[in-house]
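Hi there,

Here is the structure I promised to pass on to you. Please have a look at it first, and then read on for what turned up.

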Amino acid sequence: SVRLDGASESGISVYPNPVAEYLQYKINAANSEMVYISLFSATGRQLDAEMLPVSIGNNILYRDIQGLPSGNYFVTVTNLTGELLLDGKITKVEGD
């Protein structure tokens, strides 16, 4: 599973925050596995979900969020067994 090496106990960080265009997930994985990344509105409605592979070591995954209106959103990352690896909040701002 994904292990400690960064901003969260699971070894996952999400940046930049606030974000205008591309959200980056940095995941330090102890094993090759699939992760499930979800994006929710401030009211808890799921807006997007994607299952992506990660390899042993550092992985950087990108998400284009330019089409979202400004505001607060929640992101979660889970593994296939349903273990919550990250539960965080991001703020979307307008780009330059």
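Which residues form a nonpolar patch on the surface? They are Tyr22, Ile60 and Tyr62, with about 330 Å² of accessible area together. A patch here takes residues with over 30% relative accessible area and no salt bridge, joining like charges within 9 Å and nonpolar side chains (Val, Leu, Ile, Met, Phe, Trp, Tyr) within 5 Å. A salt bridge is a side-chain nitrogen of Lys or Arg within 4 Å of a carboxyl oxygen of Asp or Glu. Accessible areas come from the Shrake-Rupley method with a 1.4 Å probe, and for residues only the protein chains shown count as cover.

Before you go further, please note that this is a predicted model, in which local features need pLDDT of at least 70 and side-chain atom pairs count only at pLDDT 80 or more, while totals for chains, interfaces and linings use all residues. Residues are numbered from 1 along each chain as its sequence is written, and side-chain values use heavy atoms, with hydrogens and water left out.

Now the overall picture. The protein has 7 strands and 0 helices (DSSP runs numbered from the N terminus: E of at least two residues for strands, H or I of at least four for helices). Of its 96 residues, 39% count as buried, meaning under 20% relative accessible area, with exposed being over 50% and partly exposed in between (1.4 Å probe, protein chains only).

Strands count as paired if DSSP finds at least two bridges between them; β2 (residues 22–29) and β5 share 8. Within this sheet, Tyr25 stands opposite Leu61 in β5.

Strand β3 (residues 33–41) is joined to β4 by 8 bridges, and Val35 has Leu52 in β4 as its bridge partner.

Best wishes
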